[in-house]
Amino acid sequence: MKNTDHTLIEQLKISKREIERRKEYFGLTQTESQTLISLKELISDHIEEIVEEFYTKITPFDEMDRVIGDAETLRRLKNYQRTYILSLFDGQYDEDYVHSRLRVGVVHKRIGVEPKFYVSAVYNLSSILRNIMISQNKNNWTSCKSSLAAQLRK
Ligand code: HEM
(Lines give C-alpha, C1' and ligand atoms only; values in the text may rest on other atoms or scores of the structure.)
Protein backbone atom coordinates (compact mmCIF):
# COMPACT_ATOMS: atom_id res chain seq x y z
CA MET A 1 0.00 0.00 0.00
CA LYS A 2 1.23 3.50 -0.87
CA ASN A 3 0.91 6.57 1.39
CA THR A 4 -1.27 8.12 -1.27
CA ASP A 5 -3.82 5.35 -0.78
CA HIS A 6 -4.50 6.64 2.74
CA THR A 7 -5.61 9.90 4.35
CA LEU A 8 -3.33 11.54 6.93
CA ILE A 9 -5.63 10.40 9.73
CA GLU A 10 -5.40 6.82 8.50
CA GLN A 11 -1.63 7.00 8.14
CA LEU A 12 -1.30 8.24 11.69
CA LYS A 13 -3.90 5.73 12.95
CA ILE A 14 -5.91 8.41 14.74
CA SER A 15 -9.23 6.73 15.47
CA LYS A 16 -12.49 8.38 16.61
CA ARG A 17 -11.83 6.94 20.06
CA GLU A 18 -8.34 8.49 20.06
CA ILE A 19 -9.80 11.90 19.14
CA GLU A 20 -12.33 11.68 21.98
CA ARG A 21 -9.55 10.66 24.37
CA ARG A 22 -7.41 13.64 23.34
CA LYS A 23 -10.36 15.97 23.96
CA GLU A 24 -10.62 14.47 27.45
CA TYR A 25 -6.89 15.17 28.07
CA PHE A 26 -7.55 18.83 27.23
CA GLY A 27 -10.84 18.99 29.10
CA LEU A 28 -12.61 19.96 25.87
CA THR A 29 -16.17 19.11 26.93
CA GLN A 30 -19.57 19.74 25.31
CA THR A 31 -19.91 22.82 27.54
CA GLU A 32 -16.62 24.20 26.27
CA SER A 33 -17.66 23.50 22.67
CA GLN A 34 -20.88 25.44 23.31
CA THR A 35 -18.86 28.34 24.78
CA LEU A 36 -16.73 28.36 21.63
CA ILE A 37 -19.82 28.40 19.40
CA SER A 38 -21.21 31.32 21.40
CA LEU A 39 -17.98 33.26 20.73
CA LYS A 40 -18.15 32.83 16.96
CA GLU A 41 -20.20 35.98 16.34
CA LEU A 42 -17.77 38.12 18.33
CA ILE A 43 -14.79 36.67 16.46
CA SER A 44 -16.56 37.02 13.14
CA ASP A 45 -17.28 40.72 13.87
CA HIS A 46 -13.55 41.28 14.47
CA ILE A 47 -12.09 38.89 11.91
CA GLU A 48 -10.48 41.54 9.72
CA GLU A 49 -8.58 43.17 12.59
CA ILE A 50 -7.58 39.77 14.00
CA VAL A 51 -6.05 38.68 10.68
CA GLU A 52 -4.34 42.05 10.12
CA GLU A 53 -2.84 42.00 13.61
CA PHE A 54 -1.69 38.41 13.14
CA TYR A 55 0.37 39.24 10.03
CA THR A 56 1.56 42.53 11.56
CA LYS A 57 3.29 40.37 14.16
CA ILE A 58 4.85 37.98 11.60
CA THR A 59 6.00 40.05 8.63
CA PRO A 60 8.49 42.34 10.46
CA PHE A 61 10.68 39.26 10.94
CA ASP A 62 12.76 38.85 7.76
CA GLU A 63 13.09 35.09 8.19
CA MET A 64 9.27 34.67 8.29
CA ASP A 65 8.62 37.33 5.65
CA ARG A 66 10.95 35.40 3.31
CA VAL A 67 8.95 32.17 3.79
CA ILE A 68 5.72 33.99 2.84
CA GLY A 69 7.57 35.49 -0.07
CA ASP A 70 5.27 37.90 -1.93
CA ALA A 71 2.18 40.10 -1.66
CA GLU A 72 -0.06 37.65 -3.52
CA THR A 73 0.80 34.81 -1.18
CA LEU A 74 0.16 37.08 1.79
CA ARG A 75 -3.27 37.97 0.36
CA ARG A 76 -4.04 34.28 -0.11
CA LEU A 77 -2.82 33.53 3.40
CA LYS A 78 -5.13 36.15 4.89
CA ASN A 79 -8.07 34.35 3.26
CA TYR A 80 -6.91 30.96 4.60
CA GLN A 81 -6.39 32.48 8.00
CA ARG A 82 -9.92 33.98 8.13
CA THR A 83 -11.43 30.56 7.39
CA TYR A 84 -9.08 28.80 9.80
CA ILE A 85 -9.81 31.16 12.71
CA LEU A 86 -13.59 31.04 12.24
CA SER A 87 -13.51 27.25 12.10
CA LEU A 88 -11.96 27.19 15.58
CA PHE A 89 -15.36 28.36 16.81
CA ASP A 90 -17.56 25.86 14.95
CA GLY A 91 -17.80 23.57 17.97
CA GLN A 92 -17.08 20.51 15.78
CA TYR A 93 -13.81 18.89 16.79
CA ASP A 94 -14.24 15.60 14.96
CA GLU A 95 -12.30 13.63 12.35
CA ASP A 96 -12.74 16.33 9.69
CA TYR A 97 -11.38 18.94 12.08
CA VAL A 98 -8.38 16.78 13.02
CA HIS A 99 -7.76 15.99 9.38
CA SER A 100 -7.75 19.68 8.39
CA ARG A 101 -5.31 20.45 11.23
CA LEU A 102 -2.99 17.65 10.18
CA ARG A 103 -3.09 19.01 6.63
CA VAL A 104 -2.13 22.50 7.81
CA GLY A 105 0.77 20.91 9.70
CA VAL A 106 1.95 18.99 6.65
CA VAL A 107 1.70 22.07 4.39
CA HIS A 108 3.86 24.12 6.77
CA LYS A 109 6.44 21.36 7.10
CA ARG A 110 6.60 21.08 3.30
CA ILE A 111 7.16 24.79 2.75
CA GLY A 112 9.74 25.00 5.51
CA VAL A 113 7.93 26.90 8.28
CA GLU A 114 10.09 25.96 11.23
CA PRO A 115 8.31 24.86 14.43
CA LYS A 116 9.74 27.90 16.28
CA PHE A 117 7.91 30.19 13.80
CA TYR A 118 4.71 28.17 13.95
CA VAL A 119 4.63 27.91 17.75
CA SER A 120 5.20 31.66 18.20
CA ALA A 121 2.45 32.36 15.64
CA VAL A 122 0.02 30.10 17.55
CA TYR A 123 0.89 31.96 20.75
CA ASN A 124 0.35 35.34 19.07
CA LEU A 125 -2.97 34.27 17.55
CA SER A 126 -4.10 33.00 20.92
CA SER A 127 -3.25 36.30 22.61
CA ILE A 128 -5.01 38.34 19.91
CA LEU A 129 -8.17 36.24 20.45
CA ARG A 130 -7.77 36.50 24.22
CA ASN A 131 -7.55 40.30 24.09
CA ILE A 132 -10.75 40.54 22.06
CA MET A 133 -12.58 38.34 24.56
CA ILE A 134 -11.27 40.34 27.51
CA SER A 135 -12.27 43.66 25.96
CA GLN A 136 -15.80 42.37 25.28
CA ASN A 137 -16.33 40.69 28.66
CA LYS A 138 -14.54 43.06 31.00
CA ASN A 139 -17.71 43.64 33.07
CA ASN A 140 -18.43 39.94 33.40
CA TRP A 141 -15.44 38.12 34.82
CA THR A 142 -17.17 34.70 35.04
CA SER A 143 -18.07 34.74 31.36
CA CYS A 144 -14.62 36.07 30.50
CA LYS A 145 -12.92 33.24 32.40
CA SER A 146 -14.91 30.50 30.68
CA SER A 147 -14.35 32.06 27.24
CA LEU A 148 -10.61 32.19 27.81
CA ALA A 149 -10.45 28.64 29.10
CA ALA A 150 -12.42 27.32 26.12
CA GLN A 151 -10.39 29.18 23.49
CA LEU A 152 -7.14 27.74 24.82
CA ARG A 153 -8.34 24.16 24.28
CA LYS A 154 -9.52 24.05 20.68
C1 HEM B 1 -1.15 30.11 13.94
C2 HEM B 1 -0.26 29.72 13.02
C3 HEM B 1 -0.61 29.51 11.58
C4 HEM B 1 -1.81 29.10 11.05
C5 HEM B 1 -3.10 28.79 11.77
C6 HEM B 1 -1.63 29.03 9.60
C7 HEM B 1 -2.63 28.64 8.71
C8 HEM B 1 -2.40 28.33 7.38
C9 HEM B 1 -3.35 27.68 6.50
C10 HEM B 1 -4.78 27.27 6.91
C11 HEM B 1 -2.75 27.51 5.29
C12 HEM B 1 -3.36 26.85 4.02
C13 HEM B 1 -2.99 25.38 4.04
C14 HEM B 1 -3.53 24.62 2.84
O15 HEM B 1 -3.03 24.84 1.71
O16 HEM B 1 -4.44 23.80 3.01
C17 HEM B 1 -1.42 28.06 5.40
C18 HEM B 1 -0.48 28.09 4.38
C19 HEM B 1 0.70 28.76 4.47
N20 HEM B 1 1.28 29.31 5.61
FE21 HEM B 1 0.48 29.34 7.44
N22 HEM B 1 -0.34 29.39 9.30
C23 HEM B 1 0.32 29.70 10.47
C24 HEM B 1 1.63 30.11 10.60
C25 HEM B 1 2.44 30.42 9.55
C26 HEM B 1 3.75 31.05 9.64
C27 HEM B 1 4.43 31.45 10.96
C28 HEM B 1 4.22 31.20 8.37
C29 HEM B 1 5.53 31.78 7.86
C30 HEM B 1 6.59 32.00 8.61
C31 HEM B 1 3.22 30.65 7.47
C32 HEM B 1 3.33 30.59 6.11
C33 HEM B 1 2.46 29.93 5.26
C34 HEM B 1 2.67 29.79 3.81
C35 HEM B 1 3.86 30.34 3.02
C36 HEM B 1 1.58 29.04 3.32
C37 HEM B 1 1.32 28.62 1.87
C38 HEM B 1 0.57 29.74 1.17
C39 HEM B 1 0.33 29.45 -0.31
O40 HEM B 1 1.29 29.49 -1.05
O41 HEM B 1 -0.82 29.19 -0.68
N42 HEM B 1 2.17 30.19 8.22
N43 HEM B 1 -1.23 28.56 6.68
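Guide: The secondary structure of the chain comes to 9 helices and 0 strands, where helices (H or I, at least four residues) and strands (E, at least two) are DSSP runs numbered from the N terminus. This is a predicted model, in which local features need pLDDT of at least 70 and side-chain atom pairs count only at pLDDT 80 or more, while totals for chains, interfaces and linings use all residues. Residues are numbered from 1 along each chain as its sequence is written.

The part to look at is helix H8 (115-137). Its 23 residues should span 33 Å at 1.5 Å a residue, and its end C-alpha atoms are 33 Å apart, which agrees; the expected span is 1.5 Å times one less than the number of residues.

The buried residues of H8 are Leu125, Leu129, Ile132 and Met133, a residue being buried if 20 or more other C-beta atoms, placed from the backbone, lie within 10 Å of its own. These residues belong to the largest nonpolar core, which has 10 residues and also includes Leu36, Ile50 and Phe89; such a core is a set of buried Ala, Val, Leu, Ile, Met, Phe, Trp, Tyr and Cys residues joined through C-beta atoms within 7 Å. Helix H3 (30-45), helix H4 (47-58) and H8 each supply at least two residues of this core, and the largest share, 4 residues, comes from H8.

H8 is also among the elements that give two or more residues to the shell around the ligand, where a residue counts as near if its C-beta atom, placed from the backbone, lies within 6 Å.

Terms used: A residue is buried if 20 or more other C-beta atoms lie within 10 Å of its own, exposed if 12 or fewer, and partly exposed in between; C-beta atoms are placed from the backbone.
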